[in-house]
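Keep the model open beside them and take the points one at a time.

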Amino acid sequence: MQDSCSAKGNVTVKNPEGGKKPPERRGDGDSDGRHDGPQTPSSRRGRRRHRSRGKRGKNPQGEANAVSPPAPQSAADTKMEASPVGDASNGDRPPRKRRSRRRRRHKNVFAKDRSGAAATSSPQSHEHQDANASTVQADPGDSRRTESVLNEPAGRDGHSPANRDSAKLPQVSESAEKPPRRWRNRPMRREGHAPLYAALDLGTNNCRLLMAAPTRPGQFRVVDAFSRIVRLGEGLGRTGRLSDEAMDRAVDALHVCAGKLMARKTRGYRLIATEACRSAENGEAFIQRVRDETGLALEIVNRETEARLAVAGCSSLVERNTRGVVLFDIGGGSSEIALIDIPDGDPRRLSEKIVSWTSLPIGVVTLAEHFGGRDVTPDIFEAMVRHVYEMIGRFEGRERLAHLLENPAFHLLGTSGTVTTLAGVFLDLDRYDRRRVDGIWMSSEQVSAMTERLLGWSFDERVGNPCIGADRADLVLAGCAILEAIRRTWPSERLRVADRGLREGILMELMTGDNAWRRGRRKGAQQ
């Protein structure tokens, strides 16, 4: 005996042996009561996918729904029932592709340029000489002459009030004359959660830019960098003025730096100029020209600030239990020397342990112009050394570390292109590699051997060396002469090479003053 009851097309049959058989689904025209299509999935994800097939123009079997042709209508009906989006109806509209939430969250976001620059102009490319091989491209239709905004008061985000309002200006036609664009009012790229800090150093021989983000306490990660030899102090020793050619080279390099600063949002920055602008008669006029043409407001720093920044930038290379250090920075127009006494052997806050410092008004550019740097004989080299040694002899505080000269915990620390070039030649590098040079130790015998080796090379041989090149071939022996005079004044068995200096010191002071590492620890604790 069987009892059957139907409920919504399902039949439940009692089993004579006990229990119930599973319900069977009846078909519309099938004699055996089975259905050709798949049953509803049991999992939640499968049911959700099963239901969404109809919304994407597919039937439950996964096949595309057939679209019946529309019935003929009159012109009036067609006009009244026209789709507000376009001629395509909702059925003909392609299905919208959904992006997962995770992919949307990690998608790179770039700020849009609201300034209304014409996109049809041909882009003007800058010369590329980036330490990190990053590319800088001028904005289409951008004028090389921009207004300065760095002298305006800026908020915590680094933007002045004029920059915030400039993004709301209406667009103008391509034929209309565009106002000069400011370097702080450009599309800015997001670099994650860590803020960015920038440091620019315009010296007598080089123009350098460094952009970094803080990582662990006392350390940072370099995001972008730029370095170019501009020789701003060329001819400064003879005329006392900056030449027009040298200023043009420096302005071209500063245009590249301004483009890099425009491309990223920085929380703090400092742009300094050193000996060339400090001693030239037209130094202030050149600073004003840079402000007018590039929008960068350079700050001329004194010699004491330059020495302090050099110490702050190289403090991480002073090891624990070091008792004394003579830190020197051989520049293009001046050479800074700082005597550091560390009685407790703790290298932290190294700039506060400077017992004496001096700034010699001589550098590789000025010394090479005075004695000649192309063809240097041993007699000319010795005359260079004696000239610098006499200048150091007039330094009153040179004896402050006399009690540490025999201590093995005393050493020299050099940060300049001269010592990095010597280290590159010593390592016999096919191409200069900062990671291998920065922090390397050289003995006194190795430094003397490298100096004699360079002195025996001709000018063409120095040009052919990949660590020297044509830009430094006539300056490297002048730098070696300054180094030899320092070694004779403070003899030491060890020399540590630092490929860092003022830019790193500026970044350290900016991040320390902004509590960048403490703020990062608080964010990590909250997460």
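1. S9 (residues 324–330) and S12 (residues 410–414) run parallel and are joined by five bridges. Strands here are DSSP runs of E with at least two residues, helices are runs of H or I with at least four residues, and both are numbered from the N terminus. Two strands pair if DSSP finds at least two bridges between them.

2. A word on what you are looking at. This is a predicted model, in which local features need pLDDT of at least 70 and side-chain atom pairs count only at pLDDT 80 or more, while totals for chains, interfaces and linings use all residues. Residues are numbered from 1 along each chain as its sequence is written, and side-chain values use heavy atoms, with hydrogens and water left out.

3. Back to S9: are its residues buried or exposed? Seven of its seven residues are buried, and the strand is mostly covered. Buried means under 20% relative accessible area, exposed means over 50%, and partly exposed lies in between (1.4 Å probe, protein chains only). In a regular strand the side chains alternate between the two faces of the sheet. Here Gly324, Val326, Phe328 and Ile330 point one way, while Val325, Leu327 and Asp329 point the other way.

4. S9 also has a partner in strand S10 (residues 335–341), which pairs with S9 in the antiparallel sense over seven bridges. The two strands form a hairpin with four residues between them. To trace the pairing, find Ile330, whose bridge partner in S10 is Ser335, and then Asp329, which stands opposite Glu336.

5. S10 itself is largely enclosed by the rest of the structure, because six of its seven residues are buried. S10 pairs with strand S11 (residues 354–360) as well, in the antiparallel sense and over six bridges. In that pairing Ile337 stands opposite Thr358 in S11.

6. Glu336 turns up again among the contacts of Glu306, a residue of helix H9 (residues 303–314). Leaving aside neighbours within four places in sequence, Glu306 is in contact with Thr274, Arg278, Ser334, Glu336 and Leu502; contact means heavy atoms within 4.5 Å. Why does Glu306 count as buried? Its relative accessibility is 5%.

7. Next, look at the open sheet of five strands, with the order S6-S5-S4-S7-S8 and mixed pairing. Its edge strands are S6 (220–229) and S8 (299–300), each of which pairs on one side only. Strand S4 (residues 197–202) and strand S7 (residues 268–273) pair in the parallel sense over six bridges, with Leu202 standing opposite Ala273.

8. Arg231, in the loop between S6 and helix H5 (236–239), has a phi near 50°, a positive value in a residue other than glycine. Asn515, in the loop between H18 and H19, has a phi near 55°, again a positive value in a residue other than glycine. Arg231 is buried at a relative accessible area of 18%, whereas Asn515 is partly exposed at 36%.

9. Helices H18 (502–513) and H19 (516–526) each supply at least two residues of the lining of the second largest pocket. On a 1 Å grid over the protein atoms alone, a pocket is an open set of points where a 1.4 Å probe fits, with protein on both sides within 12 Å along at least five of seven lines; lining residues have an atom within 4 Å of a point. This pocket is lined by 22 residues, of which Gly218, Arg349, Met508, Thr512 and Trp517 lie nearest its centre.

10. Finally, the protein as a whole. There are 19 helices and 14 strands, and buried residues make up 43% of the 527 residues. Among contacts between residues at least 6 apart in sequence, 70% join residues at least 24 apart.
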